[in-house]
Structures are given as C-alpha cells and as structure tokens.
Amino acid sequence: MILVVSLQLYLQRAQFVGQDLDEAGVVPVHGAHFEASGGGLVAARTLRDLGQEVCLLSAKGGVTGELLAKELEKEGLRNSLVESSTPTPMSFRLHGRQRYGIEIEEYREEPIRIGGEEMRELLRNYDSWLPGARGVLLCGDSPYPGADMLYSEILRRGREAGIPVVARSMGSGLRERLKSGPDVLIARRQEFKDCAAASGVDEGELRETAFASDTGALVLTQGVETVVLWTEEGRLHLLPPDTRSRGGQSPGEALAAGLLLRLVQDWDLQPAACYG
C-alpha cells in the first residue's frame, strides 16, 4: 500500500461553454459535471494505473465533501478522509471553444481549513495506515497555522517506520520540508531560489541544509525544461516528457510518483523520471 497525503483536494465543477452569446446575451453551457481535483490526485491515479495499491489520506467537510468522496469512489480510488468542520473547497474549470482550439480557465477557493483537533485526527488516521504502507507521498502545502508542523510529523513518522518518503512542496512550507529529511524532495526551481533568498543563504547552503537533515535527493523542476536532481555526490540532469506529451496535468506529481516507485521497487532513475 502506498499512502498519498494531501490537504489540497477540491470538488471541481467542470463546464463546457460556447464561444458566442445566445439570443438572451448569455454564454451557453453545453455540458457540466463534478469531479475530484487538487493536489495528490494525479500521483494517486498514476500509482494506481501502474498497479499499485493506493490510499488517499485527506480531509473533507460539508455537502461538497460528501460529493468529493462519491467522485473518488466512482474512480475506484481508495481514500480515508477525516471530517472537517469547514466545507471542502470548490474549483471551477471552464472549457471554452476558441478559434484555435480549447481555452481552459480555472478558479479555486482556498484549501480546506483544518484546526488542531482535525490535524491530530489526520495523524491518528495516518498512523493506522502506516504499518501496512510500502511508501508515502506527501503532496502540496497548506497555508494555515500548524500545517507545516503536521507535514513535518507525517514525514518524520514515515522515516522512523523505515518507509520511503517523497515530498512535493508547492508553497511556503519548503523550508520545513528541507529540515524534515524526506528520501526525495521535489520543488520548483524558482521556489527554491526564493527560499534561499528569504533565508539569507545561497542555493548551495540551502542544499546542504537538506542533506544535513538526511534528505536523499533534491529534485528541482522548471516547467518543461530539464529536471535537475541533486544528491550529496553531485547533480544529474533528467529530461521527462513535456506536458504536451502527457496531457498537461500536474507533471510534478507524476514525477513524484515515479521517483517513489524507484525507491519502493528499485526502478532505474531514468524510467522513474519519465513518469513526470
């Protein structure tokens, strides 16, 4: 079992709209549906499609949370979602017909807000799944107080259990991930540069912070450009397929899933990176 942990799940409303206004001056909607969206889902789907047992751990709340759980069930994605006192946020994805193809716009609410007791419940839930886990993938960040400590504790407990842990950082929590010592840490190159500047150190010193905390590898991505993988021995350049080759959906998460399987199943590095 591989555990995918995320506090960035959304209930997405996808709408397919026309290019021109109708007679009443309204943009016609030709189709619409709900679907599960957000951080962790591309990774969970990738791992499932590669034949892995996966469980998605997160939180849900309100009517939108119940709808999210139903959408996950429809997909056949095993999940264990603790209850939150605040509703699951929504995102809205508009598919519009344009002259040269499909234009997509997406709007998101803030991630789900969970408090201290809900964070403790999420940790208890995580602990209950951990004995049967072969790997842990932590996706994204949360902007709310206490979330950095929660994520650091999730990483620490996974490492103490002797389970491979991969973390993907997408926000202000990068510094804490660097100090938590995952086996692999994935971050955007610009995010890493900004973290170094905010910490008053250069990028080399920030990498040393990661390796001093037993981080095995630091992976820096930059859009469709070459991925750079740093270890204490040096750096390696990887070239995963660009987003156009794989639908454009969160290539960083697919990369994280591949790198976790490298640890869990002893894959070679290049094939693992190609899932990004």
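Trainee: What share of the 276 residues in the chain is buried?
Mentor: Keep in mind that this is a predicted model. Buried here means under 20% relative accessible area. Of the 276 residues in the chain, the buried ones make up 49%.

Trainee: How many helices and strands does the secondary structure of the chain come to?
Mentor: Let's take the contacts along with the elements. Among contacts between residues at least 6 apart in sequence, 64% join residues at least 24 apart. As for the secondary structure, the chain comes to nine helices and 13 strands.

Trainee: Which residues of α1 are buried?
Mentor: Helix α1 covers residues 41-49, and Gly51, with a positive phi near 85°, follows α1. The buried residues within the helix are Leu41, Val42, Ala43, Ala44, Thr46 and Leu47.

Trainee: Is Gln52 buried or exposed?
Mentor: Start with its place: Gln52 sits in the loop between α1 (41-49) and β4 (54-60). Its relative accessible area is 9%, and the cut-off for buried is under 20%. Gln52 is therefore buried.

Trainee: Which side chains make polar contacts with the side chain of Gln52?
Mentor: Leaving out residues up to four places away in sequence, Gln52 touches Ile2, Leu47, Arg134, Leu261 and Gln265. A polar contact of 3.0 Å links the side chain of Gln52 to that of Arg134. Another, of 2.8 Å, links the side chain of Gln52 to that of Gln265. The two partners are Arg134 and Gln265.

Trainee: How are the axes of α6 and α7 arranged, roughly parallel or roughly perpendicular?
Mentor: Two packed helices are described by the angle between their axes and the distance between the axes. For α6 (residues 189-199) and α7 (residues 203-212), the axes come within 9 Å and cross at roughly 95°. That angle makes α6 and α7 roughly perpendicular.

Trainee: What separates the C-alpha atoms of Arg189 and Val219?
Mentor: Arg189 is placed in helix α6 and is partly exposed, with a relative accessible area of 30%. Not counting residues up to four places away in sequence, Arg189 touches Glu203, Leu220, Thr221 and Gln222. Val219 is 30 residues from Arg189 along the chain, and their C-alpha atoms are separated by 8.7 Å.

Trainee: Why can the side chains of Arg120 and Glu117 be about one helical turn apart?
Mentor: An α-helix has 3.6 residues a turn, so residues three or four places apart point the same way. Arg120 and Glu117 meet in a salt bridge of 3.2 Å, N to O. Arg120 has 45% relative accessibility and counts as partly exposed, and Glu117 is partly exposed too, at 44%. Because both belong to helix α3 (residues 116-129) and are three residues apart, Arg120 and Glu117 are separated by about one helical turn.

Trainee: Which residue meets Arg124 in a salt bridge?
Mentor: Look in helix α3, three residues from Arg124, which is about one turn of the helix. The N to O distance in the salt bridge is 2.9 Å, and the partner is Glu121.

Trainee: Is Glu160 exposed or buried?
Mentor: Glu160 meets Arg156 in a salt bridge of 2.6 Å, N to O. The two are four residues apart in helix α4 (residues 147-160), about one helical turn. Arg156 is partly exposed, with a relative accessible area of 34%. Glu160 has 60% relative accessibility, over the 50% cut-off, so Glu160 counts as exposed.

Trainee: Which residues are linked with Arg156 and Glu160 in a network of salt bridges?
Mentor: The structure holds 16 salt bridges, and the one between Arg156 and Glu160 belongs to a network.

Methods. Residues are numbered from 1 along each chain as its sequence is written. This is a predicted model: local features need pLDDT of at least 70, side-chain atom pairs count only at pLDDT 80 or more; totals for chains, interfaces and linings use all residues. Side-chain values use heavy atoms; hydrogens and water are left out. Buried means under 20% relative accessible area, exposed over 50%, partly exposed in between (1.4 Å probe, protein chains only). A polar contact is a pair of N or O atoms within 3.5 Å; within protein, one must be able to donate a hydrogen and the other to accept it, and residues adjacent in sequence count only if both atoms are side-chain atoms. Contact means heavy atoms within 4.5 Å. Axes are lines fitted to C-alpha atoms, for helices over the stretch in contact, and angles run from 0 to 180 degrees between N-to-C directions. Angles under 35 degrees count as roughly parallel, over 145 as roughly antiparallel, 65 to 115 as roughly perpendicular and the rest as oblique. A salt bridge is a side-chain nitrogen of Lys or Arg within 4 Å of a carboxyl oxygen of Asp or Glu.
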